[in-house]
Amino acid sequence: MSNVLEVRDLGINFGGLRAVDGLNIDVAPRQLYGLIGPNGAGKTTVFNMLTGVYEPSDGTIRLNGELLNGKKPHEIARMGISRTFQNIRLFRNLSVKENVLISLDTQVDYGLFSGIFKLPKSFKQEKAMEEEALELLKVFELDGYADTLACNLPYGKQRELEIVRALGTHPKLLLLDEPAAGMNPQETQNLMDAIQRLREKFAISVLLIEHDMKLVMGICEKITVINYGTLLACGTPQEIQNDPQVIKAYLGE
Amino acid sequence: MNKEFRKQLTIDLATVVIGYLVLGLLIRSGVINAYSKGILLMVCINVILTVSLNITSGFLGELALGHAGFMAIGAYVSALFTKSLNLIPLVEFPVAILLGGIAALIAGYIVSIPALRLRGDYLAIITLAAGEIIRNLLKNLDIVGGTKGYTGIPNYTSFTWAYLIAVICILASKSLIASRHGRAIISIREDEIAAEASGIDTNRYKIIGFVFSAFFAGVGGALYAHYLRFLQPGIFTLDKSIEILVMVVLGGMGSIRGSVISATILTVLPELLRGFSDYRMLVYSLVLILMMLAKHNDQLRALFDKALSSFRRKEAAHE
(Lines give C-alpha, C1' and ligand atoms only; values in the text may rest on other atoms or scores of the structure.)
Protein backbone atom coordinates (compact mmCIF):
# COMPACT_ATOMS: atom_id res chain seq x y z
CA MET A 1 0.00 0.00 0.00
CA SER A 2 1.30 3.44 -0.86
CA ASN A 3 2.40 5.89 1.78
CA VAL A 4 0.27 8.73 3.08
CA LEU A 5 3.22 11.04 3.39
CA GLU A 6 6.36 10.93 1.31
CA VAL A 7 9.12 13.39 2.04
CA ARG A 8 12.16 13.29 -0.23
CA ASP A 9 15.49 15.10 0.23
CA LEU A 10 13.83 17.86 2.22
CA GLY A 11 16.02 20.86 2.95
CA ILE A 12 15.68 24.48 4.00
CA ASN A 13 18.10 27.38 4.37
CA PHE A 14 17.59 30.32 6.69
CA GLY A 15 20.12 32.75 5.28
CA GLY A 16 23.42 30.91 5.58
CA LEU A 17 22.07 28.32 7.99
CA ARG A 18 21.12 24.92 6.64
CA ALA A 19 18.40 24.08 9.18
CA VAL A 20 17.24 20.82 7.60
CA ASP A 21 19.15 18.81 5.04
CA GLY A 22 18.35 15.76 2.90
CA LEU A 23 15.58 14.40 5.07
CA ASN A 24 13.37 11.47 3.96
CA ILE A 25 10.23 10.44 5.79
CA ASP A 26 7.63 7.86 4.76
CA VAL A 27 4.47 7.55 6.79
CA ALA A 28 2.23 4.56 6.01
CA PRO A 29 -1.56 4.64 6.42
CA ARG A 30 -2.61 4.38 10.09
CA GLN A 31 0.98 4.46 11.21
CA LEU A 32 2.10 6.10 14.45
CA TYR A 33 5.37 7.75 13.57
CA GLY A 34 7.78 9.50 15.92
CA LEU A 35 10.16 12.31 15.08
CA ILE A 36 12.72 12.83 17.81
CA GLY A 37 16.01 14.57 18.35
CA PRO A 38 17.81 17.03 20.61
CA ASN A 39 16.55 20.60 21.02
CA GLY A 40 17.21 22.70 17.95
CA ALA A 41 17.55 19.66 15.70
CA GLY A 42 14.95 21.03 13.30
CA LYS A 43 11.89 18.97 14.23
CA THR A 44 9.44 21.85 14.40
CA THR A 45 10.99 23.28 11.21
CA VAL A 46 10.07 20.02 9.50
CA PHE A 47 6.49 20.42 10.76
CA ASN A 48 6.41 23.98 9.51
CA MET A 49 7.48 22.83 6.07
CA LEU A 50 4.92 20.03 6.02
CA THR A 51 2.15 22.49 6.84
CA GLY A 52 3.26 25.23 4.44
CA VAL A 53 4.39 27.78 7.02
CA TYR A 54 7.88 27.62 5.47
CA GLU A 55 8.53 26.73 1.88
CA PRO A 56 11.29 24.11 1.55
CA SER A 57 14.43 25.26 -0.31
CA ASP A 58 14.72 21.84 -1.89
CA GLY A 59 13.13 18.43 -1.88
CA THR A 60 9.52 17.37 -2.26
CA ILE A 61 6.60 16.70 0.08
CA ARG A 62 3.77 14.54 -1.18
CA LEU A 63 0.48 13.70 0.51
CA ASN A 64 -1.13 10.65 -1.09
CA GLY A 65 0.95 11.42 -4.18
CA GLU A 66 -0.04 15.10 -4.39
CA LEU A 67 2.78 17.62 -4.30
CA LEU A 68 2.50 20.09 -1.39
CA ASN A 69 5.45 22.36 -2.16
CA GLY A 70 4.40 26.00 -2.47
CA LYS A 71 0.87 25.45 -1.17
CA LYS A 72 -0.48 27.80 1.48
CA PRO A 73 -1.08 26.54 5.03
CA HIS A 74 -4.87 26.72 4.72
CA GLU A 75 -4.78 24.78 1.45
CA ILE A 76 -2.64 22.06 3.01
CA ALA A 77 -5.03 21.92 5.98
CA ARG A 78 -7.90 21.33 3.56
CA MET A 79 -5.89 18.69 1.66
CA GLY A 80 -5.53 16.61 4.79
CA ILE A 81 -2.62 17.58 7.04
CA SER A 82 -3.62 18.96 10.38
CA ARG A 83 -1.44 19.98 13.29
CA THR A 84 -1.12 21.09 16.88
CA PHE A 85 1.48 23.53 18.17
CA GLN A 86 4.35 23.22 20.61
CA ASN A 87 3.11 26.20 22.61
CA ILE A 88 -0.65 25.88 22.57
CA ARG A 89 -2.40 28.11 20.05
CA LEU A 90 -6.10 28.07 20.82
CA PHE A 91 -8.65 30.76 20.01
CA ARG A 92 -8.47 31.75 23.65
CA ASN A 93 -11.47 34.06 23.95
CA LEU A 94 -13.83 31.74 22.13
CA SER A 95 -15.75 28.84 23.61
CA VAL A 96 -14.48 25.29 23.36
CA LYS A 97 -17.22 24.51 20.85
CA GLU A 98 -16.41 27.54 18.70
CA ASN A 99 -12.76 26.48 18.56
CA VAL A 100 -13.85 23.25 16.92
CA LEU A 101 -16.45 24.96 14.72
CA ILE A 102 -13.71 27.07 13.15
CA SER A 103 -11.81 24.04 11.87
CA LEU A 104 -15.11 22.40 10.86
CA ASP A 105 -15.47 25.34 8.47
CA THR A 106 -13.53 23.13 6.07
CA GLN A 107 -16.50 20.76 5.92
CA VAL A 108 -19.21 23.23 4.89
CA ASP A 109 -19.61 25.50 1.90
CA TYR A 110 -22.50 27.91 2.42
CA GLY A 111 -21.65 31.31 0.96
CA LEU A 112 -21.48 34.82 2.34
CA PHE A 113 -24.92 35.70 0.99
CA SER A 114 -26.49 32.63 2.55
CA GLY A 115 -24.70 33.41 5.82
CA ILE A 116 -25.85 37.03 6.07
CA PHE A 117 -29.43 36.41 4.98
CA LYS A 118 -29.59 33.20 7.02
CA LEU A 119 -30.90 31.06 4.19
CA PRO A 120 -32.02 27.49 5.00
CA LYS A 121 -28.77 26.04 3.66
CA SER A 122 -26.75 27.89 6.29
CA PHE A 123 -29.05 26.64 9.04
CA LYS A 124 -28.79 23.06 7.90
CA GLN A 125 -25.02 23.16 7.67
CA GLU A 126 -24.59 25.04 10.94
CA LYS A 127 -26.69 22.43 12.70
CA ALA A 128 -24.65 19.59 11.24
CA MET A 129 -21.44 21.40 12.27
CA GLU A 130 -22.66 21.83 15.80
CA GLU A 131 -23.55 18.17 16.11
CA GLU A 132 -20.20 17.10 14.74
CA ALA A 133 -18.35 19.50 17.05
CA LEU A 134 -20.00 17.94 20.10
CA GLU A 135 -19.30 14.49 18.71
CA LEU A 136 -15.60 15.31 18.27
CA LEU A 137 -15.39 16.83 21.74
CA LYS A 138 -16.57 13.51 23.18
CA VAL A 139 -13.29 11.92 22.03
CA PHE A 140 -11.60 13.64 24.97
CA GLU A 141 -14.73 13.96 27.10
CA LEU A 142 -14.66 17.71 26.52
CA ASP A 143 -18.35 17.92 25.58
CA GLY A 144 -19.16 19.03 29.13
CA TYR A 145 -16.96 22.08 28.58
CA ALA A 146 -18.55 23.07 25.25
CA ASP A 147 -19.51 26.57 26.38
CA THR A 148 -16.43 27.26 28.53
CA LEU A 149 -13.95 29.80 27.17
CA ALA A 150 -10.87 28.01 25.87
CA CYS A 151 -8.55 30.10 28.07
CA ASN A 152 -10.38 28.90 31.18
CA LEU A 153 -9.67 25.23 30.52
CA PRO A 154 -7.00 23.51 32.61
CA TYR A 155 -3.69 23.09 30.78
CA GLY A 156 -4.06 19.41 29.94
CA LYS A 157 -7.55 19.99 28.56
CA GLN A 158 -6.26 22.82 26.39
CA ARG A 159 -3.79 20.41 24.79
CA GLU A 160 -6.62 17.95 24.18
CA LEU A 161 -8.85 20.64 22.71
CA GLU A 162 -6.09 21.53 20.26
CA ILE A 163 -6.08 17.93 19.06
CA VAL A 164 -9.87 17.94 18.72
CA ARG A 165 -9.68 21.15 16.71
CA ALA A 166 -7.05 19.57 14.47
CA LEU A 167 -9.44 16.66 13.84
CA GLY A 168 -12.11 19.10 12.63
CA THR A 169 -10.46 19.44 9.22
CA HIS A 170 -10.89 15.65 8.69
CA PRO A 171 -7.15 15.06 8.29
CA LYS A 172 -5.46 12.04 6.79
CA LEU A 173 -2.29 12.87 8.69
CA LEU A 174 -2.19 14.44 12.13
CA LEU A 175 0.96 16.23 13.25
CA LEU A 176 1.38 16.54 17.02
CA ASP A 177 4.12 18.87 18.23
CA GLU A 178 5.11 17.76 21.74
CA PRO A 179 1.59 16.76 22.79
CA ALA A 180 2.73 15.58 26.23
CA ALA A 181 4.77 18.67 27.13
CA GLY A 182 3.95 19.73 30.68
CA MET A 183 1.72 16.77 31.39
CA ASN A 184 2.03 14.56 34.47
CA PRO A 185 2.62 10.78 34.05
CA GLN A 186 -1.08 9.97 34.43
CA GLU A 187 -2.09 12.54 31.80
CA THR A 188 0.65 11.27 29.48
CA GLN A 189 -0.69 7.73 29.85
CA ASN A 190 -4.21 8.95 29.01
CA LEU A 191 -2.85 10.80 26.02
CA MET A 192 -1.10 7.67 24.74
CA ASP A 193 -4.34 5.71 24.94
CA ALA A 194 -6.19 8.54 23.26
CA ILE A 195 -3.77 8.78 20.34
CA GLN A 196 -4.15 5.07 19.68
CA ARG A 197 -7.92 5.36 19.95
CA LEU A 198 -7.94 8.26 17.50
CA ARG A 199 -5.92 6.37 14.96
CA GLU A 200 -8.45 3.52 14.99
CA LYS A 201 -11.54 5.70 15.11
CA PHE A 202 -10.61 8.16 12.37
CA ALA A 203 -8.26 5.88 10.38
CA ILE A 204 -5.52 8.50 10.35
CA SER A 205 -1.74 8.46 10.44
CA VAL A 206 -0.03 10.35 13.24
CA LEU A 207 3.38 11.97 13.07
CA LEU A 208 4.52 13.25 16.44
CA ILE A 209 7.41 15.17 17.94
CA GLU A 210 7.99 14.28 21.56
CA HIS A 211 10.69 14.30 24.22
CA ASP A 212 8.88 11.90 26.53
CA MET A 213 10.63 8.64 25.61
CA LYS A 214 8.05 6.54 27.44
CA LEU A 215 5.39 7.89 25.12
CA VAL A 216 7.46 7.69 21.95
CA MET A 217 8.80 4.19 22.55
CA GLY A 218 5.41 3.09 23.90
CA ILE A 219 3.23 3.91 20.92
CA CYS A 220 5.31 4.72 17.83
CA GLU A 221 5.76 1.99 15.28
CA LYS A 222 8.51 3.79 13.48
CA ILE A 223 10.87 6.51 14.61
CA THR A 224 13.16 8.94 12.84
CA VAL A 225 15.89 10.62 14.83
CA ILE A 226 17.35 13.86 13.51
CA ASN A 227 20.29 15.88 14.72
CA TYR A 228 21.53 19.21 13.31
CA GLY A 229 18.84 18.92 10.63
CA THR A 230 20.08 15.65 9.21
CA LEU A 231 18.99 12.06 9.61
CA LEU A 232 20.69 10.23 12.45
CA ALA A 233 18.71 7.00 12.47
CA CYS A 234 15.41 5.54 11.37
CA GLY A 235 13.72 2.34 12.47
CA THR A 236 11.55 0.58 15.04
CA PRO A 237 11.71 1.63 18.72
CA GLN A 238 13.98 -1.35 19.51
CA GLU A 239 16.42 -0.46 16.77
CA ILE A 240 16.50 3.18 17.85
CA GLN A 241 17.02 2.34 21.50
CA ASN A 242 20.02 0.17 20.62
CA ASP A 243 21.56 2.48 18.04
CA PRO A 244 24.94 3.65 19.40
CA GLN A 245 24.78 6.96 17.52
CA VAL A 246 21.34 7.82 18.92
CA ILE A 247 22.45 6.89 22.41
CA LYS A 248 25.45 9.16 22.06
CA ALA A 249 23.64 12.16 20.57
CA TYR A 250 20.30 12.05 22.31
CA LEU A 251 19.25 9.24 24.62
CA GLY A 252 22.38 9.13 26.76
CA GLU A 253 24.30 6.15 28.12
CA MET B 1 -35.39 27.31 11.06
CA ASN B 2 -33.75 27.20 14.42
CA LYS B 3 -36.22 27.84 17.26
CA GLU B 4 -33.87 29.92 19.38
CA PHE B 5 -32.90 32.00 16.38
CA ARG B 6 -36.51 32.66 15.49
CA LYS B 7 -37.25 33.78 19.05
CA GLN B 8 -34.25 36.13 19.03
CA LEU B 9 -35.29 37.52 15.66
CA THR B 10 -38.84 38.17 16.90
CA ILE B 11 -37.52 40.01 19.95
CA ASP B 12 -35.10 42.04 17.82
CA LEU B 13 -37.75 43.02 15.28
CA ALA B 14 -40.27 43.89 17.99
CA THR B 15 -37.69 46.16 19.67
CA VAL B 16 -36.95 47.80 16.34
CA VAL B 17 -40.61 48.44 15.50
CA ILE B 18 -41.47 49.72 18.99
CA GLY B 19 -38.42 51.98 18.98
CA TYR B 20 -39.42 53.38 15.62
CA LEU B 21 -43.04 53.96 16.62
CA VAL B 22 -42.13 55.66 19.91
CA LEU B 23 -39.51 57.95 18.36
CA GLY B 24 -41.68 58.64 15.32
CA LEU B 25 -44.61 59.57 17.56
CA LEU B 26 -42.42 61.86 19.67
CA ILE B 27 -41.24 63.64 16.52
CA ARG B 28 -44.80 63.94 15.16
CA SER B 29 -46.15 65.32 18.40
CA GLY B 30 -43.31 67.83 18.62
CA VAL B 31 -41.84 66.53 21.89
CA ILE B 32 -38.63 66.04 19.94
CA ASN B 33 -37.95 69.39 18.31
CA ALA B 34 -35.91 70.05 15.18
CA TYR B 35 -32.72 70.43 17.21
CA SER B 36 -33.18 67.12 19.01
CA LYS B 37 -34.19 65.46 15.79
CA GLY B 38 -30.86 66.49 14.28
CA ILE B 39 -29.08 64.83 17.19
CA LEU B 40 -31.22 61.74 16.72
CA LEU B 41 -30.17 61.53 13.06
CA MET B 42 -26.52 61.89 14.05
CA VAL B 43 -27.01 59.07 16.57
CA CYS B 44 -28.25 56.79 13.77
CA ILE B 45 -25.36 57.78 11.49
CA ASN B 46 -22.75 57.31 14.23
CA VAL B 47 -24.25 53.92 15.12
CA ILE B 48 -23.71 52.84 11.50
CA LEU B 49 -20.12 54.12 11.50
CA THR B 50 -19.28 52.60 14.88
CA VAL B 51 -20.80 49.20 14.22
CA SER B 52 -19.06 48.99 10.84
CA LEU B 53 -15.67 50.00 12.27
CA ASN B 54 -16.14 47.40 14.98
CA ILE B 55 -16.06 44.71 12.28
CA THR B 56 -12.43 45.55 11.39
CA SER B 57 -11.24 46.81 14.76
CA GLY B 58 -13.17 44.62 17.15
CA PHE B 59 -13.81 41.38 15.30
CA LEU B 60 -10.95 41.22 12.80
CA GLY B 61 -8.69 42.84 15.40
CA GLU B 62 -6.98 45.33 13.11
CA LEU B 63 -6.47 48.93 14.16
CA ALA B 64 -7.96 50.84 11.21
CA LEU B 65 -7.64 54.63 11.15
CA GLY B 66 -9.11 55.37 7.73
CA HIS B 67 -12.81 55.10 8.45
CA ALA B 68 -13.44 58.78 7.78
CA GLY B 69 -11.93 58.32 4.32
CA PHE B 70 -14.42 55.63 3.36
CA MET B 71 -17.18 57.73 4.85
CA ALA B 72 -16.04 60.66 2.68
CA ILE B 73 -16.17 58.55 -0.47
CA GLY B 74 -19.72 57.44 0.32
CA ALA B 75 -20.74 61.02 1.10
CA TYR B 76 -19.29 62.59 -2.04
CA VAL B 77 -20.34 59.86 -4.47
CA SER B 78 -23.93 59.84 -3.23
CA ALA B 79 -24.11 63.66 -3.22
CA LEU B 80 -22.72 63.82 -6.74
CA PHE B 81 -25.40 61.37 -7.81
CA THR B 82 -28.39 63.12 -6.24
CA LYS B 83 -27.19 66.53 -7.40
CA SER B 84 -26.63 65.44 -10.99
CA LEU B 85 -29.87 63.55 -11.43
CA ASN B 86 -33.29 64.85 -10.64
CA LEU B 87 -35.38 61.79 -9.96
CA ILE B 88 -38.02 61.44 -7.28
CA PRO B 89 -36.32 61.20 -3.85
CA LEU B 90 -37.86 57.82 -3.07
CA VAL B 91 -35.99 56.29 -6.03
CA GLU B 92 -32.95 58.51 -6.05
CA PHE B 93 -31.96 58.33 -2.40
CA PRO B 94 -31.71 54.54 -1.91
CA VAL B 95 -29.75 54.29 -5.17
CA ALA B 96 -27.45 57.09 -3.99
CA ILE B 97 -26.89 55.36 -0.65
CA LEU B 98 -26.14 52.09 -2.37
CA LEU B 99 -23.75 53.76 -4.82
CA GLY B 100 -21.98 55.52 -1.95
CA GLY B 101 -21.60 52.19 -0.19
CA ILE B 102 -20.31 50.43 -3.28
CA ALA B 103 -17.79 53.19 -4.05
CA ALA B 104 -16.47 52.93 -0.48
CA LEU B 105 -16.43 49.14 -0.81
CA ILE B 106 -14.21 49.38 -3.88
CA ALA B 107 -11.89 51.79 -2.07
CA GLY B 108 -11.87 49.38 0.88
CA TYR B 109 -10.86 46.55 -1.41
CA ILE B 110 -7.99 48.56 -2.89
CA VAL B 111 -6.71 49.51 0.57
CA SER B 112 -7.03 45.93 1.80
CA ILE B 113 -4.51 44.63 -0.77
CA PRO B 114 -1.41 46.26 0.74
CA ALA B 115 -2.98 45.96 4.18
CA LEU B 116 -3.00 42.16 3.92
CA ARG B 117 0.77 42.09 4.26
CA LEU B 118 0.80 44.13 7.43
CA ARG B 119 -0.42 43.91 10.97
CA GLY B 120 -0.75 46.10 14.03
CA ASP B 121 0.98 49.50 13.98
CA TYR B 122 1.98 49.19 10.33
CA LEU B 123 -1.57 48.51 9.25
CA ALA B 124 -2.75 51.49 11.29
CA ILE B 125 -0.30 53.68 9.35
CA ILE B 126 -1.47 52.31 5.99
CA THR B 127 -5.13 52.96 6.77
CA LEU B 128 -4.31 56.40 8.14
CA ALA B 129 -2.45 57.20 4.93
CA ALA B 130 -5.35 55.89 2.82
CA GLY B 131 -7.75 58.19 4.65
CA GLU B 132 -5.48 61.18 4.09
CA ILE B 133 -5.01 60.33 0.39
CA ILE B 134 -8.77 60.24 -0.10
CA ARG B 135 -9.20 63.57 1.68
CA ASN B 136 -6.49 65.25 -0.35
CA LEU B 137 -7.88 63.91 -3.60
CA LEU B 138 -11.24 65.42 -2.72
CA LYS B 139 -9.58 68.73 -1.92
CA ASN B 140 -8.34 68.90 -5.50
CA LEU B 141 -11.47 67.71 -7.27
CA ASP B 142 -13.22 70.74 -8.68
CA ILE B 143 -16.46 68.98 -9.65
CA VAL B 144 -17.19 68.50 -5.95
CA GLY B 145 -16.09 71.97 -4.96
CA GLY B 146 -12.57 71.24 -3.77
CA THR B 147 -11.62 73.00 -0.54
CA LYS B 148 -14.51 75.47 -0.91
CA GLY B 149 -16.93 72.69 -0.15
CA TYR B 150 -19.79 71.04 -1.95
CA THR B 151 -23.11 72.79 -1.45
CA GLY B 152 -26.74 72.36 -2.40
CA ILE B 153 -27.09 68.69 -1.57
CA PRO B 154 -30.79 67.79 -1.21
CA ASN B 155 -32.13 67.22 2.27
CA TYR B 156 -33.13 63.57 1.98
CA THR B 157 -32.00 62.05 5.26
CA SER B 158 -35.23 61.68 7.20
CA PHE B 159 -35.57 59.96 10.54
CA THR B 160 -37.16 56.95 8.81
CA TRP B 161 -34.24 56.48 6.43
CA ALA B 162 -31.56 56.92 9.08
CA TYR B 163 -33.33 54.58 11.49
CA LEU B 164 -34.03 51.95 8.85
CA ILE B 165 -30.47 51.87 7.60
CA ALA B 166 -28.97 51.81 11.09
CA VAL B 167 -31.17 48.78 11.80
CA ILE B 168 -30.09 47.11 8.55
CA CYS B 169 -26.43 47.74 9.43
CA ILE B 170 -26.81 46.29 12.92
CA LEU B 171 -28.72 43.21 11.74
CA ALA B 172 -26.32 42.56 8.84
CA SER B 173 -23.32 42.85 11.16
CA LYS B 174 -24.87 40.57 13.76
CA SER B 175 -25.76 38.09 11.07
CA LEU B 176 -22.28 38.17 9.56
CA ILE B 177 -20.67 37.57 12.93
CA ALA B 178 -22.99 34.65 13.66
CA SER B 179 -22.11 32.93 10.38
CA ARG B 180 -19.10 30.80 9.52
CA HIS B 181 -17.57 33.84 7.84
CA GLY B 182 -17.86 35.82 11.05
CA ARG B 183 -16.26 33.01 13.03
CA ALA B 184 -13.41 32.92 10.53
CA ILE B 185 -12.93 36.69 10.93
CA ILE B 186 -12.83 36.35 14.72
CA SER B 187 -10.37 33.45 14.49
CA ILE B 188 -7.90 35.78 12.73
CA ARG B 189 -8.08 38.15 15.69
CA GLU B 190 -7.56 35.30 18.12
CA ASP B 191 -4.62 33.61 16.40
CA GLU B 192 -3.82 34.05 12.74
CA ILE B 193 -1.39 31.11 12.54
CA ALA B 194 -3.83 28.73 14.18
CA ALA B 195 -6.59 29.98 11.88
CA GLU B 196 -4.49 29.18 8.81
CA ALA B 197 -3.66 25.77 10.24
CA SER B 198 -7.39 25.14 10.73
CA GLY B 199 -8.01 25.70 7.02
CA ILE B 200 -9.14 29.34 7.17
CA ASP B 201 -8.08 31.41 4.15
CA THR B 202 -7.07 34.38 6.29
CA ASN B 203 -6.41 36.73 3.36
CA ARG B 204 -9.89 36.18 1.98
CA TYR B 205 -11.57 36.83 5.31
CA LYS B 206 -9.49 39.93 5.97
CA ILE B 207 -10.73 41.31 2.66
CA ILE B 208 -14.32 40.39 3.53
CA GLY B 209 -13.98 42.19 6.87
CA PHE B 210 -12.43 45.30 5.34
CA VAL B 211 -14.89 45.51 2.48
CA PHE B 212 -17.94 44.98 4.68
CA SER B 213 -16.74 47.66 7.04
CA ALA B 214 -15.96 50.12 4.23
CA PHE B 215 -19.35 49.54 2.61
CA PHE B 216 -21.28 50.62 5.69
CA ALA B 217 -18.89 53.51 6.28
CA GLY B 218 -19.85 54.69 2.79
CA VAL B 219 -23.53 54.21 3.55
CA GLY B 220 -23.13 56.22 6.75
CA GLY B 221 -21.34 58.89 4.74
CA ALA B 222 -24.21 59.06 2.23
CA LEU B 223 -26.73 59.65 5.03
CA TYR B 224 -24.42 62.23 6.56
CA ALA B 225 -24.12 64.14 3.27
CA HIS B 226 -27.89 64.35 2.83
CA TYR B 227 -28.38 65.41 6.42
CA LEU B 228 -25.67 68.11 6.52
CA ARG B 229 -26.34 69.21 2.89
CA PHE B 230 -22.83 70.59 2.73
CA LEU B 231 -19.58 68.68 2.37
CA GLN B 232 -16.02 69.78 2.83
CA PRO B 233 -12.89 67.61 2.86
CA GLY B 234 -12.03 69.17 6.24
CA ILE B 235 -14.86 67.19 7.86
CA PHE B 236 -13.22 63.86 7.13
CA THR B 237 -9.91 64.23 8.92
CA LEU B 238 -8.09 61.79 11.15
CA ASP B 239 -10.00 63.37 14.04
CA LYS B 240 -13.23 61.95 12.63
CA SER B 241 -11.72 58.46 12.35
CA ILE B 242 -10.45 58.71 15.93
CA GLU B 243 -13.86 59.90 17.12
CA ILE B 244 -15.46 56.76 15.67
CA LEU B 245 -12.66 54.58 17.07
CA VAL B 246 -13.27 56.05 20.54
CA MET B 247 -16.91 55.01 20.25
CA VAL B 248 -15.84 51.48 19.30
CA VAL B 249 -13.35 51.21 22.16
CA LEU B 250 -15.76 52.57 24.75
CA GLY B 251 -18.53 50.22 23.63
CA GLY B 252 -16.15 47.30 23.67
CA MET B 253 -14.10 45.73 20.90
CA GLY B 254 -16.20 43.01 19.39
CA SER B 255 -19.52 44.03 20.94
CA ILE B 256 -22.20 45.26 18.56
CA ARG B 257 -24.60 46.14 21.34
CA GLY B 258 -21.82 48.06 23.07
CA SER B 259 -21.14 49.99 19.87
CA VAL B 260 -24.77 51.04 19.59
CA ILE B 261 -24.88 52.20 23.20
CA SER B 262 -21.58 54.07 23.13
CA ALA B 263 -22.31 55.72 19.76
CA THR B 264 -25.58 56.98 21.25
CA ILE B 265 -24.01 58.26 24.46
CA LEU B 266 -21.03 59.91 22.80
CA THR B 267 -23.25 61.66 20.25
CA VAL B 268 -25.67 63.00 22.81
CA LEU B 269 -23.08 63.86 25.46
CA PRO B 270 -21.39 66.83 23.72
CA GLU B 271 -24.84 68.33 23.18
CA LEU B 272 -25.76 67.92 26.83
CA LEU B 273 -22.51 69.63 27.79
CA ARG B 274 -23.28 72.79 25.84
CA GLY B 275 -23.98 74.50 29.15
CA PHE B 276 -20.24 74.42 29.88
CA SER B 277 -19.66 76.55 26.73
CA ASP B 278 -15.88 77.12 26.52
CA TYR B 279 -15.07 74.21 28.79
CA ARG B 280 -17.25 71.78 26.87
CA MET B 281 -14.52 69.64 25.29
CA LEU B 282 -12.58 69.65 28.56
CA VAL B 283 -15.56 68.23 30.42
CA TYR B 284 -16.20 65.82 27.55
CA SER B 285 -12.69 64.41 27.87
CA LEU B 286 -13.10 64.11 31.63
CA VAL B 287 -16.38 62.24 31.27
CA LEU B 288 -14.73 59.97 28.68
CA ILE B 289 -11.88 59.11 31.06
CA LEU B 290 -14.33 58.45 33.88
CA MET B 291 -16.43 56.19 31.66
CA MET B 292 -13.36 54.19 30.60
CA LEU B 293 -12.31 53.80 34.22
CA ALA B 294 -15.80 52.76 35.25
CA LYS B 295 -15.91 50.22 32.44
CA HIS B 296 -12.80 48.50 33.75
CA ASN B 297 -13.76 48.70 37.40
CA ASP B 298 -14.38 45.16 38.66
CA GLN B 299 -16.71 46.18 41.49
CA LEU B 300 -18.89 48.28 39.22
CA ARG B 301 -18.93 45.48 36.69
CA ALA B 302 -19.99 42.95 39.32
CA LEU B 303 -22.76 45.29 40.44
CA PHE B 304 -23.92 45.67 36.88
CA ASP B 305 -23.83 41.93 36.20
CA LYS B 306 -25.82 41.32 39.37
CA ALA B 307 -28.50 43.79 38.33
CA LEU B 308 -28.61 42.28 34.88
CA SER B 309 -28.90 38.69 36.08
CA SER B 310 -31.68 39.51 38.54
CA PHE B 311 -33.48 41.23 35.68
CA ARG B 312 -33.03 38.12 33.54
CA ARG B 313 -34.34 35.91 36.31
CA LYS B 314 -37.47 38.03 36.60
CA GLU B 315 -37.92 37.82 32.90
CA ALA B 316 -37.58 34.03 33.01
CA ALA B 317 -40.08 33.81 35.86
CA HIS B 318 -42.63 35.63 33.72
CA GLU B 319 -42.43 33.07 30.95
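In helix H6 of chain B, the buried residues are Trp161(B), Ala162(B), Tyr163(B), Ile165(B), Ala166(B), Val167(B), Cys169(B), Ile170(B), Ser173(B) and Leu176(B). Here a residue is called buried if 20 or more other C-beta atoms lie within 10 Å of its own, exposed if 12 or fewer, and partly exposed in between, with C-beta atoms placed from the backbone. Helices (H or I, at least four residues) and strands (E, at least two) are DSSP runs, numbered from the N terminus. An α-helix has 3.6 residues a turn, so residues three or four places apart point the same way. H6(B) covers residues 159–177, and its 19 residues reach 27 Å from the first C-alpha to the last, close to the 27 Å expected at 1.5 Å a residue. That expected span is 1.5 Å times one less than the number of residues.

The model is a predicted one, in which local features need pLDDT of at least 70 and side-chain atom pairs count only at pLDDT 80 or more, while totals for chains, interfaces and linings use all residues. Residues are numbered from 1 along each chain as its sequence is written, and chains are lettered from A and ligands numbered from 1 in the order in which they are written.

Stepping back to the whole of chain B, there are 13 helices and 0 strands. The radius of gyration of chain B is 20 Å, close to the 20 Å that the globule rule gives for 319 residues, so chain B is as compact as a globular protein of that length. This radius is taken over C-alpha atoms, and the rule is 2.2 Å times the number of residues to the power 0.38. The C-alpha trace of chain B spans about 60 × 55 × 45 Å along its principal axes, and buried residues make up 43% of the 319 residues.

Where chain B meets chain A, 25 residues of chain B and 28 residues of chain A take part; two residues are in contact if their C-beta atoms, placed from the backbone, lie within 7 Å. On the chain B side, H6, H7 (180–190), H8 (192–197) and H9 (202–228) each supply at least two residues. H7(B) gives the most, with 7 residues. This side of chain B divides into 11 nonpolar, 8 polar and 6 charged residues, where Ala, Val, Leu, Ile, Met, Phe, Trp, Tyr, Cys and Pro count as nonpolar, Asp, Glu, Lys and Arg as charged, and the others, Gly among them, as polar.
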